[in-house]
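Here is a short report on a two-chain model. It covers loops, domains, salt bridges and the chain interface.

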There are 2 protein chains.
Amino acid sequence: MTLTNRKEVAKLAGVSEATVSRVLNGIGPMKESTKLKVLDAAKQLNYELNAVASSFARGRSGNLGVVLPHVPKVHLFSTYYFSELLGGIGEAVRQKGYGLLLLFRDPTTVFDYVSLYRTQRVDACIVLGASGIASETESIRRLAEEALPFCVMDQSFNHRGVGSVAADHVRGGYTAVKHLLDQGCKHIGFLNGSPQYSNSSDRRAGYEKALSEAGIAIDESIVYEGNYSRTSGKRAADAVYRDLHRLDGIFVANDRMAIGLIQELRERGCDVPGRLKLVAYDDSDAASLTEPPLTTIKVPFFDMGKLAAEQLLIRITSKEQGEKSPINEKLQTELKVRKSSGHLNAAGGESRTS
Amino acid sequence: MTLTNRKEVAKLAGVSEATVSRVLNGIGPMKESTKLKVLDAAKQLNYELNAVASSFARGRSGNLGVVLPHVPKVHLFSTYYFSELLGGIGEAVRQKGYGLLLLFRDPTTVFDYVSLYRTQRVDACIVLGASGIASETESIRRLAEEALPFCVMDQSFNHRGVGSVAADHVRGGYTAVKHLLDQGCKHIGFLNGSPQYSNSSDRRAGYEKALSEAGIAIDESIVYEGNYSRTSGKRAADAVYRDLHRLDGIFVANDRMAIGLIQELRERGCDVPGRLKLVAYDDSDAASLTEPPLTTIKVPFFDMGKLAAEQLLIRITSKEQGEKSPINEKLQTELKVRKSSGHLNAAGGESRTS
DNA sequence: TTGTACGCGTTATCAC
DNA sequence: GTGATAACGCGTACAA
């Protein structure tokens with residue numbers, strides 16, 4: 001594969017190098033005939049802009065960094081979450097001609113985000129799967145203090161300058177519990193995920209809001225904690241089964257835990273939704289495949305990824321200083337009604353935006 | 001965040017710019033004192049090498065492309081596969097100071113890999129999830145004809161110059177079926193995955209080899225086809241249940257299908273391994289979590305990703321022409337014995353390399 | 001062991 | 001509309 005450069009194209013087209021650049025970047029006015037000459041020459045020589053040289057001249061890498069937590073042999077994301085978010089980000093960067101640089105961080109140590117920018121490896125980055133543990137908050141704090149363009153996905157930090165794209169989990173949790181109340185539940189438990197994620201406490205806030213609106217007091221003894229894995233859902237089954245006499249519904253903070261919980265409860269002869277109505281969270285692929293299919297809160301991961309990437313690219317592309325404020329977007333979730341909540345009309349696949 | 005350049009470091013350290021470069025790249029002999037001066041100055045000024053300028057001067061992007069199939073709202077990979085492979089690749093590139101550029105392709109159209117190299121966006125790439133359908137083989141063929149450095153993961157193409165890293169699925173399939181034979185099975189069915197993947201036919205070859213060695217004829221009527229999804233495993237349950245009278249064991253080409261199949265068989269009152277012994281494939285996270293835990297063939301995805309990346313980086317880094325031949329590596333799988341195959345000693349977690 | 005000098009292929013700013 | 005040309009920051013061959 002031979003690499004052609006601009007000079008050769010200019011020579012063949014009989015124009016200057018500057019003209020070649022203008023044509024290929026679609027900048028400034030140009031005669032149609034010149035444009036055609038250049039495009040023709042480029043095609044003949046198999047010429048395409050050299051991305052590295054271009055980045056160098058512009059002083060930008062043209063890459064958006066996506067940073068994921070990674071510990072070998074530990075899998076933090078579901079396929080659904082991962083694939084949707086990355087897909088959304090990928091779509092946005094492709095449209096803008098940007099690259100998607102994948103980076104792994106060790107969540108237990110302070111990650112040097114700033115170096116990524118200083119070495120010009122990325123122009124901006126999206127942080128996935130961040131939690132509120134000390135090493136992570138410290139990493140993010142440094143990013144924010146340098147006022148670099150970045151966006152944390154679905155996790156909030158109490159530090160100014162931290163941009164984020166998130167789903168409205170307070171509303172999501174509220175909608176889930178409201179739905180259970182609408183099904184006639186009076187004693188609604190809650191299996192939440194790890195407390196180091198802000199979205200866990202958000203869901204809890206929604207749970208509490210819905211109950212208090214219904215005049216039901218919060219009963220801490222029926223609030224359980226898992227870690228978003230299916231195994232933790234299975235483990236929670238012991239406690240839930242023990243408390244079954246004072247439960248008629250349960251809100252579970254993600255689909256995977258719900259699936260584990262349901263499996264174990266069934267082993268013990270407790271039917272969902274017959275004995276216990278359940279609403280889960282995420283609307284992952286598995287939600288519609290399990291028995292029973294899960295009533296769950298759909299989270300628009302694809303759109304969230306796309307939005308985060310788009311917003312970042314706007315900020316690093318535009319010269320307007322006003323558009324450089326931290327991203328702060330909150331997307332709405334959607335209730336997908338299926339069988340697990342015992343809804344009459346579940347077969348219809350009813351859904352409403354929460 | 002201020003960007004410092006080499007000139008400033010040179011001035012502060014009282015040396016030439018070339019010396020700064022040499023120190024930072026660890027090239028050539030240098031006086032310890034000079035080295036310290038330079039490192040000190042760099043630290044004071046918060047200087048780090050500019051990756052873009054560096055790439056430009058070297059004429060290489062410094063990126064390894066990883067190309068995945070992607071159609072929005074369709075999830076092709078399990079978390080396990082995806083996360084392990086990417087993790088392995090990520091580890092290798094990080095060690096070499098390379099970047100990991102993630103790219104999505106539409107499997108139904110011919111993907112222009114060559115342009116990635118021509119525009120110098122990547123120096124090499126790894127193709128994940130390739131299948132044998134026409135558009136994919138054509139894309140890969142073009143890559144091979146230009147003799148560009150690339151590696152296809154776990155899929156073989158009948159075209160010279162196509163490098164690949166794969167697991168030995170013939171042996172894997174053989175080992176799986178051999179284990180069932182060792183458990184006393186005489187009538188072993190096979191639920192295979194989509195035929196457009198070469199690894200499907202490889203597993204089948206292993207299945208046939210083990211049976212023929214045992215003097216058992218292949219019975220096409222107990223070879224079933226799914227598409228590696230859990231749903232397809234569930235669907236296969238109908239046929240398997242129907243044929244149950246002439247089955248005492250089954251080999252399933254991945255864990256996800258096995259899980260779906262087992263779920264459905266249980267619904268019909270068919271116990272695994274009581275009534276039907278089963279060996280699955282992949283040793284994904286789920287394998288040890290389901291009931292029963294799966295006897296399965298462990299595939300070293302992490303190592304495969306790492307190896308592919310390392311081999312590619314060697315090829316694009318070394319000047320030796322001899323080291324530019326297509327990658328051709330085959331890694332061994334490992335039998336993990338758990339409960340689903342009815343092995344006596346399953347609790348011990350016995351495993352042997354296949 | 002260190003310094004000098006040039007080139008890499010663009011972008012962007014002028015002048016025409 | 002188009003052409004000339006100065007950056008951009010680094011790698012490296014060669015000289016010293």
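P292(A) sits in the loop between strand 9 and strand 10 (295-298) of chain A. Helices (H or I, at least four residues) and strands (E, at least two) are DSSP runs, numbered from the N terminus. The peptide bond between E291(A) and P292(A) is cis, with omega about -5°.

This is a predicted model: local features need pLDDT of at least 70, side-chain atom pairs count only at pLDDT 80 or more, and totals for chains, interfaces and linings use all residues. Residues are numbered from 1 along each chain as its sequence is written, chains are lettered from A and ligands numbered from 1 in the order in which they are written, and side-chain values use heavy atoms, with hydrogens and water left out.

| Site | Angle | Loop of chain A |
|---|---|---|
| E291(A)-P292(A), cis | omega about -5° | P292(A): between strand 9 and strand 10 (295-298) |

Now the overall layout. Chain A splits into domain 1 (6-57), domain 2 (63-167 + 302-331) and domain 3 (169-299 + 334-353). These bounds come from an automatic or database domain assignment. The C-alpha centres of domain 1 and domain 3 of chain A are 59 Å apart. An unreviewed UniProt entry places "domain: HTH lacI-type" at residues 1-58 of chain A. UniProt annotations may be inferred rather than shown by experiment. That span is 66% helix and 0% strand, and its end C-alpha atoms lie 26 Å apart.

Next, the charged pairs. A salt bridge here is a side-chain nitrogen of Lys or Arg within 4 Å of a carboxyl oxygen of Asp or Glu. The whole structure has 44 of them over all chains. One joins E213(A) to K209(A), with the closest N and O atoms 3.7 Å apart. Both residues lie in helix 9 (residues 198-213) of chain A, 4 residues apart, about one turn of the helix.

How many salt bridges cross the interface of chain A and chain B? The rule finds 2. R118(B) and E48(A) form a salt bridge at 2.8 Å, N to O.

The contact (heavy atoms within 4.5 Å) takes 55 residues from chain A and 56 residues from chain B. About 4700 Å² is buried between the chains, and carbon and sulfur atoms give 56% of that area. Buried area is the accessible area (1.4 Å probe) that two parts lose on being put together, summed over both.
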